[in-house]
Amino acid sequence: DKAQEKLQKWSKVIHDLVDIVPEVIIKEGIPSEKIIETLESDDAIRFLVLAAADADQPGPLVTLLAGQKSGKLPVPIVVVPQGLEDDVIDDLASRAN
C-alpha cells in the first residue's frame, strides 16, 4: 500500500510538470532483472533514467545496469547525479528537443 501511495504521488508530480500520465508498472522479483525484462518487452520505452547516489558508489542498480549490463540493454541509459539542481536538469532536458 505504501508503494502504491508513493507511485501515485510521483505520477501526479510528473503529470503536473510535463502533462504526461506515466505508465506505472509493478513487478515482484529482483529489481534489476525485472527492469531488464520490462525494457526488452516494451518497445515504447525509449531510454532508462537512473538517479545516482551522492557517494563513492552510485548505487546497486546504476552499478549493474550502467556498468555490467549496459551493453546488453535495448535502450540507452541516462544517469542523473544526485547533486544536480532542478534548473540544470530542466536545461539539459530542454536541449534534447
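The model is a predicted one. A search of the whole structure finds 3 salt bridges, and these are the stops of the tour.

**First stop: helix α1**

Select K12 and D16, which both belong to helix α1 (residues 2–18). The two residues are 4 positions apart, about one turn of the helix. Their side chains form a salt bridge, in which the closest N and O atoms are 2.7 Å apart. With a surface displayed, K12 is exposed, at a relative accessible area of 51%. D16 is likewise exposed, its relative accessible area being 52%.

**Second stop: from the loop to helix α2**

Next, select E37 and K27. A salt bridge joins these side chains, at 3.4 Å from N to O. The pair links distant parts of the chain: K27 lies in the loop between α1 and α2, E37 lies in helix α2 (residues 31–41), and 10 residues separate them. E37 is partly exposed, with a relative accessible area of 37%. K27 is also partly exposed, and its relative accessible area is 37%.

Which element holds both E37 and K34? Both lie in helix α2, 3 residues apart, about one turn of the helix. K34 is partly exposed, with a relative accessible area of 23%.

Finally, display K27, K34 and E37 together: salt bridges that share partners join these residues into one network.

Key:
Residues are numbered from 1 along each chain as its sequence is written. This is a predicted model: local features need pLDDT of at least 70, side-chain atom pairs count only at pLDDT 80 or more; totals for chains, interfaces and linings use all residues. Side-chain values use heavy atoms; hydrogens and water are left out. A salt bridge is a side-chain nitrogen of Lys or Arg within 4 Å of a carboxyl oxygen of Asp or Glu. Buried means under 20% relative accessible area, exposed over 50%, partly exposed in between (1.4 Å probe, protein chains only).
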